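Colleague: I am new to this structure. Could you walk me through it in short steps?
Modeller: Gladly. Ask away once it is on the screen.

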Amino acid sequence: MRPFDYTRAGTLDEAGAQLGKTAAVIAGGTNILDLMKLQIMTPERLVDIGRVPGLDGIEADGDGLRVGALVRNSDLAADGRIRAGWPVLSRALLSGASGQIRNKATTGGNLLQRTRCPYFYDPAMACNKREPGAGCAAKEGVGRMLAIFGTSEHCLAAHPSDMAVALRALDAKVAVRAADGSERTLPLDEFYRLPADRPDIETVLGPDGIVTGVVLPAPVAGSVQAYRKVRDRASYAFALVSVAAVVTVEDGRIARARLAFGGVAPRPWANDAVTAMLEGEAPDDALFRAAADRLTADAAPHPDNEFKLPMLRRTLVSVLRETTGLAEPSIGTDRTDAAA
Amino acid sequence: MTQTFKMDEPLPRLLDETRQGLIGTPMNRPDGPLKVSGRADYAADRLPDGTAHGVLVRATITKGKVTRLDESALAGIEGVVAVLSGPNFVRNPAQGMAGESPVQPGPRVDYHGQPIALVVAETFEAARDAAQRLVVEYDDAGGAEVDPDSASEVETDDPDATGDWDEAWGRAAAKVDVTYTTPGQVSAAMEPHAALAHWDSGRLTLHGSQQMLRFNRKELADAVGVDPSEVRILSPYVGGGFGSKLGIGAEAVSAALASRDLGRPVRVVMARQTVFDAVLRRTQTSQHVRLAADADGRLLALGHDDLVSNLPEESFAEPTTNASQFTYGAAALRFQQSVARIHRTPSGSVRAPGEAVGMVVLEAAVDELAGELGMDPVELRLKNIPDTAPLTGQDYSGRRLADCLRQGAERFGWAQRPKAERDGDWLIGCGMAAAARKNMLTKAAARVRLTGAGAVVETDMTDIGTGSYAILAQIAGELLGLPESKVEVRLADTDLPGASGSGGSFGAGSTGSAVFLAARRIREQLAAQLGCEPGELTLQDGIARGANVEKSLADLVQDELVGEAEIASGEAAKSHLSAGWGAHFCEVAVHAWTGEVRVRRMLGLFDIGRVLNRKTATSQAVGGMIWGLGGALTEELHHDPRTGHIANRDLANYHVAAHADAAGRIEADFVDDRDDWANPMQSKGVGELGISGSGGAVLNAIHAAAGVRIRHLPATPDKVIAALEAAGR
């Protein structure tokens with residue numbers, strides 16, 4: 001770890017004023033401290049926003065909720081409102097990390113955590129995300145955990161968050177404060193950038209921006225929600241693939257099918273064509289298989305992770321069967337109230 | 001003065017005559033409260049005034065030479081003391097029981113991740129920063145071979161074989177001819193390797209995290225170029241070893257060298273990533289197993305060949321076929337080993353070297369044979385228990401394998417097990433496997449001192465989390481008639497009598513026997529003082545009785561009685577094949593869509609001779625079973641295909657089984673026996689028995705549940721899915 005300045009911000013204005021290209025925000029610190037010890041990130045200044053008031057609550061926002069950036073993952077997962085109206089979010093949070101880490105990790109930090117690509121973590125190997133223009137050692141390296149969608153020739157890394165996958169399926173928005181103090185809310189697809197030729201720039205936040213919270217839209221009444229994560233051990237492992245689903249069946253037809261996929265892309269992945277195939281149709285195994293085939297049609301796997309295609313297809317079919325009533329719901333699949 | 005006892009013949013079962021009642025009880029570890037309250041001082045917990053901190057620098061080429069260490073980038077870092085390297089630096093830890101320095105390669109680099117220098121600073125933070133900023137210049141030889149499957153240098157042994165293979169194979173009614181692979185693994189001990197070294201008047205003291213001090217002292221002395229008498233090593237607490245701390249390694253040697261150069265204490269703690277890089281791994285294996293049986297299920301031919309890997313110059317080769325050579329008999333046997341010489345982190349002993357990966361495969365192949373024969377797998381195993389050891393003709397010592405199989409099946413409910421059942425989308429099935437692990441007795445010495453107040457046990461034996469402190473107190477207390485509170489156990493200091501150390505599951509049996517013999521000498525002295533024969537002496541709760549006399553030990557022992565003894569292997573090891581035995585039973589659920597596997601319950605029933613401590617033995621067995629489960633389902637080193645470097649170098653990405661993987665009911669129990677040929681206590685090793693075969697039971701259960709054979713470990717969801725899809729499901 002290199003020596004760095006540490007400042008504790010009392011307000012967002014103070015924090016914003018202290019940020020910049022050589023500074024970084026710290027909140028729970030569960031990821032950035034590891035990265036600093038390994039000198040993957042070497043900020044000259046850490047701006048601690050952990051005591052900024054007003055960022056650690058979960059509050060009503062119209063029919064939805066606004067979750068402050070400092071709300072702990074464990075608190076968010078346990079919140080009764082979340083469990084009742086947005087259970088997929090609670091399930092996703094609880095499938096991530098460990099109890100100790102969830103007790104420290106924050107909502108904003110979870111969104112901004114860095115990839116676990118082994119080459120990003122090894123300074124002896126080339127990584128465009130760590131050092132723009134250096135090259136990508138992952139391409140001909142170990143690729144089990146890499147992405148299959150949305151990659152570029154410069155970067156194959158996957159985003160590791162479970163929480164963000166559930167947020168994508170819920171059509172949540174990220175509240176972002178700009179350097180000038182203005183705030184805007186962005187859908188996840190606009191908040192996260194795809195790597196293209198600058199994989200080091202992962203969001204539109206910029207060096208002075210701060211994530212202040214997440215806005216959840218009104219709960220989807222009568223929906224069945226599921227988060228299914230397939231991984232190399234039963235807990236404390238990143239997703240090989242994951243599926244978040246918010247599905248509503250009305251009159252024997254799928255009225256709504258919001259899906260997002262984790263472990264497969266540089267951001268929570270979604271595919272409108274898959275949703276379009278499902279919505280308005282009666283639940284059916286052949287339909288689900290066709291939707292799954294459509295999903296993986298644009299995949300570009302690394303030789304080590306071609307297995308993610310059949311795994312993603314099968315996991316999606318399994319989740320659709322449970323969320324549409326073709327199969328009994330298992331743990332991780334929850335029905336929300338009919339009346340919101 | 002020291003009595004050396006050679007184990008040639010069985011001794012009377014004295015522990016069945018003594019009255020204290022400590023042996024076999026589930027006594028708590030006396031060191032437990034210290035450990036759970038953070039007061040046990042592990043190697044890195046000591047920080048004397050003036051200690052400098054060292055951080056190891058790793059090679060980032062695979063093969064070549066270090067030509068220059070450019071320190072200019074360190075100029076701005078406050079508190080950097082020195083950058084050290086040189087001819088005494090070691091390439092990797094010594095192999096177990098080497099007793100001499102590991103390879104000292106000078107500037108030569110043999111694998112990516114090799115420790116090549118030590119940066120020393122006033123603070124740990126500065127040392128780590130400097131180690132990361134140090135610029136190393138290399139002469140990169142290029143072209144290093146890192147893939148065992150395409151290695152050009154492969155050494156193949158002459159096969160160990162008996163019988164007419166072609167004849168036996170030719171007349172078989174059922175055959176299995178399969179190749180399984182297992183990936184590289186690591187010990188993943190919770191405590192990272194650490195050392196604190198300081199010199200005083202030419203004498204080196206090292207607080208380290210080591211398993212076998214008697215050997216480590218010689219290894220360290222040889223590495224730094226002094227006489228072993230000038231080296232003292234202390235390892236009172238070790239946070240897990242599993243083989244990774246058998247031999248002296250880079251952290252200890254570099255700390256000793258730096259401390260000598262700088263004239264102050266130096267502490268070196270490996271980062272977790274360095275533990276992966278620079279500590280011996282378990283080799284990956286490719287195993288070819290051939291089994292042939294007649295229509296009744298009697299084995300006619302059993303062949304087990306392997307391909308393992310190591311660096312050039314490393315003598316260790318994973319003895320994959322260990323258990324295959326003595327568990328079952330057949331008319332024709334064939335075992336052959338090949339070692340690919342490749343430039344990865346070198347391989348060495350990781351818990352149950354040989355059996356841990358070899359028995360998984362043997363037992364999976366036996367299950368395949370049962371399938372070919374349409375025979376119950378328990379029955380098939382029972383049919384093939386040989387009368388004498390197949391290759392050597394030795395008699396077996398205690399061997400309750402058949403009891404473990406039968407009683408285990410009964411307790412598990414094998415006959416009523418779920419077959420091809422479904423629970424929602426989960427497919428349910430059960431599998432089983434046998435367990436076997438060679439039992440060894442090695443040289444060990446101990447001293448017992450008895451005063452009126454109690455007894456003290458002294459030996460340089462280690463406790464690596466296994467329970468040595470408890471067991472040795474139980475043995476001494478049992479023989480001397482003292483409650484556990486009156487026995488103090490002092491361990492892990494090379495100034496004390498040299499013990500077996502912890503490794504090969506022989507620690508409790510070997511060093512425990514030395515304590516037993518030393519305490520027995522004291523019994524002889526007490527009997528003489530009472531005026532009775534040793535056989536007439538009764539000792540219980542501090543009271544000695546014999547020859548119609550009853551005296552308290554406080555009255556009987558004026559000053560101090562001392563017994564010292566050494567045990568060594570003898571004729572018994574030649575006349576008899578001694579092993580721990582057992583049977584594993586397992587129920588799994590396989591997700592029909594996602595290929596995930598969950599172990600629902602597991603039962604292991606083991607024969608370890610006399611049980612010394614039911615609690616620590618059970619913990620060892622359960623821990624081994626869970627490790628075996630992890631080996632079957634989750635554990636795998638990933639090596640970069642270009643450099644051979646380990647890509648998953650931390651415990652987030654190297655997947656030892658987590659609690660949720662072992663969330664089912666996992667039970668271990670023992671058939672209490674007396675193995676008279678094993679040692680004077682009639683006990684056998686337990687540490688490595690639980691892992692032997694347990695992964696096989698898991699794989700066989702997967703087959704029973706889902707109808708697919710996973711032959712390339714671990715059975716991660718991707719492989720299960722591929723097998724399901726290949727079967728059209």
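Colleague: How many helices and strands are there in chain A?
Modeller: Keep in mind that this is a predicted model. Chain A fills a box of roughly 60 × 50 × 35 Å, taken over C-alpha atoms along the principal axes. Its secondary structure comes to 12 helices and 12 strands.

Colleague: What radius of gyration does chain A have?
Modeller: Start from the chain length, 340 residues. A compact globule with 340 residues would come out near 20 Å. Chain A agrees with that, because its own radius of gyration is 20 Å.

Colleague: What percentage of the contacts in chain A, with a separation of 6 or more, join residues 24 or more positions apart?
Modeller: Burial first: 54% of the 340 residues in chain A are buried. Now take the contacts with a separation of 6 or more in chain A. Residues 24 or more positions apart account for 66%.

Colleague: In chain A, which residue of β8(A) is the bridge partner of Val67(A)?
Modeller: Begin with β4 (residues 58-61) and β5 (residues 64-68) of chain A, which run antiparallel and are joined by four bridges. There, Val67(A) of β5(A) stands opposite Ile58(A). β5(A) is also joined by four bridges to antiparallel strand β8 (residues 210-216) of chain A. In β8(A), the partner of Val67(A) is Val214(A).

Colleague: Which residue in the hairpin of β4(A) and β5(A) takes a positive phi?
Modeller: The hairpin has two residues between its strands. One residue there has a phi near 65°. That residue is Gly62(A).

Colleague: How far apart do the C-alpha centres of domain 1 and domain 2 of chain A lie?
Modeller: The domain assignment gives residues 5-48 as domain 1 of chain A and 224-335 as domain 2. Their C-alpha centres lie apart by 36 Å.

Colleague: On to chain B. What radius of gyration does it have?
Modeller: Chain B has 16 helices and 31 strands. Its C-alpha atoms fill a box of roughly 80 × 75 × 50 Å along the principal axes. A compact globule with 729 residues would have a radius of gyration near 27 Å. Chain B agrees with this, at 26 Å.

Colleague: What percentage of the residues of chain B count as buried?
Modeller: Contacts give some background: among those in chain B between residues at least 6 apart in sequence, 82% join residues at least 24 apart. To count as buried, a residue needs 20 or more other C-beta atoms within 10 Å of its own. Of the 729 residues of chain B, the buried share is 62%.

Colleague: Which strands are the edge strands of the five-stranded open sheet in chain B?
Modeller: The order is β19-β20-β29-β30-β31 (chain B), with mixed pairing. An edge strand here pairs on one side only. The edges are β19 (421-423) and β31 (665-670) of chain B.

Colleague: Which residue in β20(B) stands opposite Glu421(B)?
Modeller: β19(B) runs antiparallel to β20 (residues 426-438) of chain B, and three bridges join them. Opposite Glu421(B) stands Ile428(B).

Colleague: At what angle does helix α9 of chain B run to β30(B)?
Modeller: Helix α9 covers residues 401-412 of chain B. This helix lies across β20, β29 (579-591) and β30 (597-607) of chain B. Its angle to β30(B) is about 140°.

Colleague: Which helix gives the most to the side of domain 1 of chain B that touches domain 3 of chain B?
Modeller: The centres of these two domains are separated by 34 Å, taken over C-alpha atoms. In the contact, 26 residues of domain 1 of chain B meet 25 residues of domain 3 of chain B. Both α10 (468-480) and α11 (507-530) of chain B supply at least two residues of the domain 1 side. The most, six residues, comes from α11(B).

Colleague: Which helix gives the most to the side of chain B that touches chain A?
Modeller: The contact takes 31 residues from chain B and 28 residues from chain A. On the chain B side, α2 (124-133) and α16 (717-726) each supply at least two residues. Five residues, the most, come from α16(B).

Methods. Residues are numbered from 1 along each chain as its sequence is written. Chains are lettered from A and ligands numbered from 1 in the order in which they are written. This is a predicted model: local features need pLDDT of at least 70, side-chain atom pairs count only at pLDDT 80 or more; totals for chains, interfaces and linings use all residues. The radius of gyration is taken over C-alpha atoms; the globule rule is 2.2 Å times the number of residues to the power 0.38. A residue is buried if 20 or more other C-beta atoms lie within 10 Å of its own, exposed if 12 or fewer, and partly exposed in between; C-beta atoms are placed from the backbone. Two residues are in contact if their C-beta atoms, placed from the backbone, lie within 7 Å. Two strands pair if DSSP finds at least two bridges between them. Axes are lines fitted to C-alpha atoms, for helices over the stretch in contact, and angles run from 0 to 180 degrees between N-to-C directions. Domain bounds come from an automatic or database domain assignment.
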